[in-house]
Amino acid sequence: MSLAQQRILIIGGSNGMGLAAARQLAAMQAEVLIVGRSQEKLDKALSGIEGRASGYVADFTDAEALNALFQRIGYIDHLVLAASANAAWGPFSSITTSMLRSALEGKLLGYWQALQAALPHLRRDGSVVMLSGAASRTAMPGTAGLSAVNGAITQMAQTLARELAPLRVNVVSPGLVDTPAYDALPADAKAGMFAGAAKSLPVGRTGTSEDIAQAIVYLLANGFTTGAVLDVDGGARMAL
Ligand SMILES: NC(=O)c1ccc[n+]([C@@H]2O[C@H](COP(=O)([O-])OP(=O)(O)OC[C@H]3O[C@@H](n4cnc5c(N)ncnc54)[C@H](OP(=O)(O)O)[C@@H]3O)[C@@H](O)[C@H]2O)c1
């Protein structure tokens, strides 16, 4: 299925994987609409996208902001949910319920209400791609918080693939990918974490935003795929 001329909304499209998807989709002649909380990030992102693209400031954890967004943009063919703010990362005993609540609100509840707000504007037989995370596909110690949030997204998406049909609903499960999400880490700590992960993975490297964007494009374009979880994790499911 060609994605040319399709209107594709990417929530979390101003950075990382969402931005890489926006670039690839615009190059395929799709019209991309990217959403984030920061106008500055949106402007920077738009300057690097070649093709039809526009940016909108909205916080996807704010139901009113989402409704205003959809009133403004109208009809879309596809929705990509690629945002996330607070990750509940660390040993089980260190994750407080308020950290977990914040992670759930910053991702699962955001995806939930973004899709609810989008539905009246989303083509009936269009599609949705949600980003989960490889932690929920492994049993790696120290990732119970990430697993709880991303596992819920995976299960929700598979149920919605039936309940909302003919809308297709799919998930990309990324492994460790170098994106601005890790900018706050000290450089040494980040380099050590990425080098250690690369060594442990069958592919011998960590991921790029472009790796994940290719998977998003595939799921948007393949009209015979729904309820799928595409693991784009360098083999983390088998190795970790
Ligand atoms: N990077 C990894 O290693 C990794 C691994 C597994 C899973 N994931 C998942 O993959 C997805 C993409 O990750 P990434 O690393 O590409 O993230 P990123 O580089 O940090 O980008 C996140 C994007 O989401 C936007 N965003 C964050 N909170 C938002 C909110 N409340 N409302 C609207 N937009 C919001 C950000 O813009 P503003 O800040 O301007 O709002 C930005 O555009 C996330 O769901 C993440 O959990 C990432």
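How do the residues of the shell around the ligand divide into nonpolar, polar and charged? In this predicted model, 31 residues surround the ligand, and the shell divides into 14 nonpolar, 13 polar and 4 charged residues. The closest of the surrounding residues are Ser-14, Arg-37, Lys-41, Thr-179 and Tyr-182.

An N or O atom in the side chain of Arg-37 is 2.6 Å from an oxygen atom of the ligand. A backbone N or O atom of Met-17 lies 2.9 Å from a ligand oxygen atom, and a polar backbone atom of Phe-60 is 2.9 Å from a nitrogen atom of the ligand. The ligand taken alone exposes 890 Å², of which the protein buries 91%.

In soluble globular proteins, nonpolar side chains tend to be buried together. The largest nonpolar core here has 68 residues, and those touching the most other members are Leu-9, Ile-11, Leu-25, Leu-79 and Met-130. Helix α8 (residues 209-221) supplies the largest share of this core, 8 residues.

Apart from neighbours within four places in sequence, Met-130 is in contact with a set of residues that includes Leu-81, Ile-153, Met-156 and Val-171. Tyr-111 and Leu-115 are also in contact with Met-130, and both are buried residues of helix α5 (residues 108-118).

How values were computed:
Residues numbered from 1 in each chain as written. Predicted model: local features only at pLDDT ≥ 70, side-chain atom pairs only at ≥ 80, totals over all residues. Heavy atoms only, no water. Buried < 20%, exposed > 50% of the residue type's maximum accessible area, 1.4 Å probe, protein only. Helix = DSSP H or I, 4+ residues; strand = E, 2+ residues; numbered from the N terminus. Near = heavy atom within 4 Å. Polar contact = N/O pair within 3.5 Å; in protein donor to acceptor, adjacent residues only side chain to side chain. Areas by Shrake-Rupley, 256 points an atom, 1.4 Å probe, with all protein chains shown as cover. Nonpolar A, V, L, I, M, F, W, Y, C, P; charged D, E, K, R; others polar. Core = buried A, V, L, I, M, F, W, Y, C linked by side-chain atoms within 4.5 Å. Contact = heavy atoms within 4.5 Å.
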